[in-house]
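Please look through the following model with attention to one helix and its surroundings, and then to the aromatic side chains. The paragraphs below take these topics in turn.

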Amino acid sequence: MTLEFFAHPFSSYCQKALIAFYENDVPFTYRMLEEPGVGEAFAALWPMKRFPILREGERVVLEASVIIEYLQVRHPGPVKLIPEDPDLALEARMLDRIFDNYVMTPQGKFVYDSLRPADQRDALGVDEARAMLDTSYAWLDARMQGRTWAVGDAFTLADCAAAPSLFYADWTYPIPDACAALKAYRQRLLERPSFARAVNEARPFRHYFPLGAPDRD
C-alpha cells in the first residue's frame, strides 16, 4: 500500500518526520497541503487539523514522533531511529519530548504571539517562553559536551526532534555563543543529508516566517 504523507515543507514537525523518511529512503506520496483538495482530505482525516499525518490504506497515524516509530515498525531500514537497546530507546524518547516541549513549544510562543493583534499579545507568556529557552539551551549545551548526537553514538529519534527545533529556535531566540556545544550540534544537524534535504525543500516558503527569516542556514 502507498504511504501518503500529509504535510507542509516549512512545518517543523513535518520536517521532523521527513528526516525519518529520508534517512531510510522510504518511498511515499507527498500530499502537500497547498495543493488543491489536499487540505480538505486532510481535515476529513483529522479534525484537529494538526500536521503531519500519515495514511497507509485504512490506517491513519497522527503525530510526528509516532509516525517515526510507525516507519521503523512497518517500513524498517538500516538506520534504526529507535535504538534496539531498551535503555537507549527510552533515552531517545525522553529527549524527543524535551526538544518538542521545551524547545519547539516556547519557540512557537514567540511566533504565535507575533500573529496576534497588538492589543491581544501575551508579553508575560513570551517572557516565560524566553526563560524556558534559556534553561533548555543551558541544559542541552551541558548534555552535548563531548557528544556527536543526542543519545548514544547513533542518529536517533531524538535528533529528528532536535533538528527542526533548534533550527527554528535559533532563528527566533538565538542560541548564545556561550552554548558552543549546542551551536555545534545544530550545525551538525544542518549538515546531515536527511535534514539538509528537508531544509532545502522548505526554502521557497521562508517568507512565511512571521518574525522574518534570517539570511543564513
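Predicted model: local features only at pLDDT ≥ 70, side-chain atom pairs only at ≥ 80, totals over all residues.

Helices are taken here as DSSP runs of H or I with at least four residues, numbered from the N terminus. At the start of α1, a side-chain oxygen of Ser 11 comes to within 3.3 Å of the backbone nitrogen of Tyr 13, while just after α1 the residue Asp 25 adopts a positive phi of about 50°. Because 11 of its 12 residues are buried, α1 is largely enclosed by the rest of the structure; the buried residues include Lys 16, Phe 21, Tyr 22 and Glu 23. Of these, Tyr 22 has the charged end of Arg 197 over its ring, 3.7 Å from the ring centre.

The loop that runs between α1 (12-23) and β2 (29-32) contains Asn 24, and this residue counts as buried because its relative accessibility is 16%, where the cut-off for buried is under 20%. Leaving aside residues up to four places away in sequence, Asn 24 touches Gly 77, Pro 78 and Val 79, and a polar atom of the Asn 24 side chain lies 2.8 Å from the backbone nitrogen of Val 79.

Turning to the aromatic side chains, a search of the whole structure finds 20 aromatic pairs. One of them joins Phe 167 and Trp 171 in a tilted arrangement, with 4.7 Å from centre to centre and 50° between the planes. Both residues belong to helix α6 (residues 157-172), where Phe 167 and Trp 171 are four residues apart, about one turn of the helix. An α-helix has 3.6 residues a turn, so residues three or four places apart point the same way. Phe 167 is buried at a relative accessible area of 2%, and Trp 171 likewise counts as buried at 8%.

Trp 171 also pairs with Tyr 168: their ring centres are 5.4 Å apart and their planes stand at 90°, so this pair is edge-to-face. Tyr 168 and Trp 171 lie three residues apart in α6, about one turn of the helix, and both are buried. These residues take part in one aromatic cluster, formed by Phe 10, Phe 167, Tyr 168, Trp 171, Phe 195 and Phe 209. Elsewhere, Arg 192 lies over the face of Phe 155, at 4.1 Å from the ring centre.

How values were computed: Residues numbered from 1 in each chain as written. Heavy atoms only, no water. Helix = DSSP H or I, 4+ residues; strand = E, 2+ residues; numbered from the N terminus. Buried < 20%, exposed > 50% of the residue type's maximum accessible area, 1.4 Å probe, protein only. Polar contact = N/O pair within 3.5 Å; in protein donor to acceptor, adjacent residues only side chain to side chain. Contact = heavy atoms within 4.5 Å. Phe/Tyr/Trp six-rings, centres within 6.5 Å; stacked < 30°, edge-to-face > 60°. Lys NZ or Arg CZ within 6 Å of the ring centre and 35° of its normal.
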